[in-house]
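Dear colleague,

I am handing over the structure below, and I would be glad if you could look through it before reading my notes.

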Amino acid sequence: MRVRGALVMQRIRSCEVSQQIGNTIRVQGWLAQIRRLGGIAFVVLRDGWGSLQVTADAAALAPIERANAGPESVLEVVGQVQANARAPGGFELVTPRIEVLVAVTEPLPVPLGRALAKAKPNALLDHAPTVLRDPTRRAIVQLGAAAMAGFRRGLVARGFTEIQTPKIIRAASEGGANVFALDYFGSPATLAQSPQLYKQIMVGVLERVFEVGPVFRAEPHATVRHLSEYVSLDVEMGFIEGMHDVIAVLRETLVEIVDALAERSPLLELLGAELPVVPARLPELDFVAAQELVELATGERVVGEPDLAPAHEAWLGEHARREHGSDFLVVTGYPIAKRPFYTHPDPARTAHTLSFDLLFRGTELVTGGQRLHRYDELVAAMTRAGIPAEPMAGYLEAFRFGMPPHGGFAIGLERLLARLLHLPNVRMATLFPRDRTRCFP
RNA sequence: GGGGUGGUAGUUAAGUCGGUUAUAACGCCGGCCUGUCACGUCGGAGGUCGCGGGUUCGAGUCCCGUCCGCCCCGCCA
């Protein structure tokens, strides 16, 4: 191994350095910080996997001084890995030879590090391209990746096939006018609010399917739990006996997600996250019973209302914590008036449905349920909802030619992360959030 | 769409009853410091107080208008 000459040393990633004790290695990354103590200085080098302390004397820092290289400059360092109990992680790079690959000479718009915790959300989002480099911000991204990996792993193990459905579609998938319209070669089209209709069609093909992908909502809401574009973790499965088969898969999927997150415990610790325990059976509450509980506790008149208000969901979240020791609560049997046309009514009480919401720490995280699968019933439901059949011809074709009893659910990824990590705003769980007033960076 | 609230240095905030040169912390720059890991310490630079108009001897502060953001509700994951 030679530092100079025809042989180029292999680049070592920060996460591999602990296996290189005693070796002279080459590392590359960003200058996170220099702590100067006079004759000795500690250079913190960050790469895509973590960070590494480089211990340098004044002479070794000369290239940085010459280039006037400030925070976020891109560096290459060749040095020897030395075990040292005084170094973070128990090792450091000594006798370094530092080369400045890209010198950054202006201060960051939002300094990384401890100041970040106090910055306003807007400043963080405006400067996401650099702010995301902060270890706490990128940990959120990494945990999101882990959650998606757990979701996929669990479903694949249960015989589900991952699909990708179109995001440019003819008609609104959920009904309602809150869709983004776009020009499709001169014809009107919209961005998909949900893969709902397509994943149902695919139940007729593969029985069990799932999708990880973006959905688009043009609702003019402005709250800490809404985005105009978010990632939906969608599941749909055929040949169910009833809604509880769907809830069972949801529970198992949550276990898989939590397990995958648990494998990233350093990231969880960095963010102070507490993983929820998924109970052996998710606590369930009927919609009307939930309303009665809220009414009894708060004195507000809520029985008879078609939906639960966010404040009531928060109360129910605390109720689940108190009574069941659970961060999760399944609310079943929502009124049919507030559910989309494809929702299966409850045969025992037709004003209610075989559908459910999953509350996670008091926030609506999942919606799911059993769907209508008989063609005639579906057409009747569409007629009642005032949905024209013509744009839905493809959807209806699947049902005309035999669909089994089926159901599914969708998890909002950013909401999961926001509640998991106690983020004040769902926007903080997104790389580049889109909302009513933000379409940049 | 309705309601509430805010805009002061790169970032976060203070600024009293309208009164002299608009403060502080972090960040940035410079000095000192050989085991830091929120390093410490001394000094320095950095401002169209969102914008426009008005009241006043005098406006960050009061009034009117305007722009932009944030939070809540409706709706939703």
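The notes that follow cover confidence and then the surroundings of the RNA.

This is a predicted model, in which local features need pLDDT of at least 70 and side-chain atom pairs count only at pLDDT 80 or more, while totals for chains, interfaces and linings use all residues. Residues are numbered from 1 along each chain as its sequence is written, chains are lettered from A and ligands numbered from 1 in the order in which they are written, and side-chain values use heavy atoms, with hydrogens and water left out.

Among helices (DSSP runs of H or I, at least four residues) and strands (runs of E, at least two), numbered from the N terminus, confidence in chain A is lowest in helix α2 (residues 121-126), with a mean of 83, and highest in strand β6 (residues 161-162), at 97. For the complex, the predictor gives an ipTM of 0.81 and a pTM of 0.89.

RNA strand B is surrounded by 52 residues, a residue being near if one of its heavy atoms lies within 4 Å; the closest are Arg-36, Pro-109, Arg-114, Leu-365 and Arg-415. Of the atoms of RNA strand B that come within 4 Å of the protein, 54% belong to sugar and phosphate. β17 (363-371) gives the most to this surface, with four residues.

Polar contacts (pairs of N or O atoms within 3.5 Å) reach the bases too: an N or O atom in the side chain of Asn-84 is 3.3 Å from a base nitrogen of RNA strand B, and a backbone N or O atom of Leu-227 lies 2.8 Å from a base nitrogen.

With best regards

Definitions and conventions:
pLDDT = per-residue confidence, 0-100. Polar contact = N/O pair within 3.5 Å; in protein donor to acceptor, adjacent residues only side chain to side chain.
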